[in-house]
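Keep the sequence and the 3D view at hand as you read.

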Amino acid sequence: QVQLEESGGGLVQTGGSLRLSCAASGRTFGIITAGWFRQSPGKEREFVAGFTWGTTSTYYSDSVKGRFTISGDSAKNTLYLQMNSLKPEDTAVYFCAASSVLRGLSQSRSSRSYEYWGQGTQVTVSS
């Protein structure tokens, strides 16, 4: 089993920045694919960014491309999401997710591709 715990959420003004962290524990050696998703009230959980451990492969939703950066530190078993130029529409609960299966690009964008999830951290962007 793998446990994921997010941190770093909070309240920020439009145009501000936040860095989310996701610390993994347990059987982390099997993790290959990781990603960030977000969910706003009344909306479905949506893909934000994805990452394949051990490679430089990163991918983003169109809504965050150029503003958000996903990265990982294998020594710390931690996944990050640097969020810049935040907008009110970025307000949501952000979740990190992980999978022990190597996913293709399209599969990595689906929440059903991930076996492990964190509890989420709230990000609120004020206008």
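Is W53 buried, partly exposed or exposed? With a relative accessible area of 22%, W53 is partly exposed (buried means under 20% relative accessible area, exposed over 50%, partly exposed in between, with a 1.4 Å probe and protein chains only).

## About the model

This is a predicted model, in which local features need pLDDT of at least 70, side-chain atom pairs count only at pLDDT 80 or more, and totals for chains, interfaces and linings use all residues. Residues are numbered from 1 along each chain as its sequence is written, and side-chain values use heavy atoms, leaving out hydrogens and water.

## Aromatic rings

The structure holds seven aromatic pairs (rings of Phe, Tyr and Trp, the last by its six-membered ring, pair if their centres lie within 6.5 Å; planes under 30 degrees apart count as stacked, over 60 as edge-to-face and the rest as tilted). One of them is F47 with Y59, which is stacked because the planes lie at 20°, with the ring centres 6.2 Å apart. F47 belongs to strand β5 (residues 46-52) and Y59 to strand β6 (residues 58-60), so this pair ties together parts that are 12 residues apart in sequence (strands are DSSP runs of E, at least two residues, numbered from the N terminus). Both count as buried: F47 at 8% relative accessibility and Y59 at 9%. F51 and W53 make an edge-to-face pair, 5.0 Å centre to centre with 90° between the planes; F51 is buried, at 7%.

F37, F47, Y59, F95, Y114 and W117 form one aromatic cluster.

## The disulfide

C22 and C96 are joined by a disulfide, S to S 2.0 Å (a pair of cysteine sulfur atoms within 2.5 Å). It links distant parts of the chain, with C22 in strand β3 and C96 in strand β9, 74 residues apart. The torsion about the S-S bond is about 55°, so the disulfide is right-handed. C22 is buried at 4%, and C96 is buried at 0%.

## The largest pocket

Residues lining the largest pocket include C22, W53, A97 and A98. β3 (18-26) and β9 (92-99) are the elements that give two or more residues to this lining (a pocket is an open set of points on a 1 Å grid over the protein atoms alone, with protein on both sides within 12 Å along at least five of seven lines; lining residues have an atom within 4 Å of a point).

Technical notes:
1 Å grid on protein atoms, 1.4 Å probe; cavity = no way out; pocket = protein on both sides within 12 Å on 5 of 7 lines; lining within 4 Å. Helix = DSSP H or I, 4+ residues; strand = E, 2+ residues; numbered from the N terminus.
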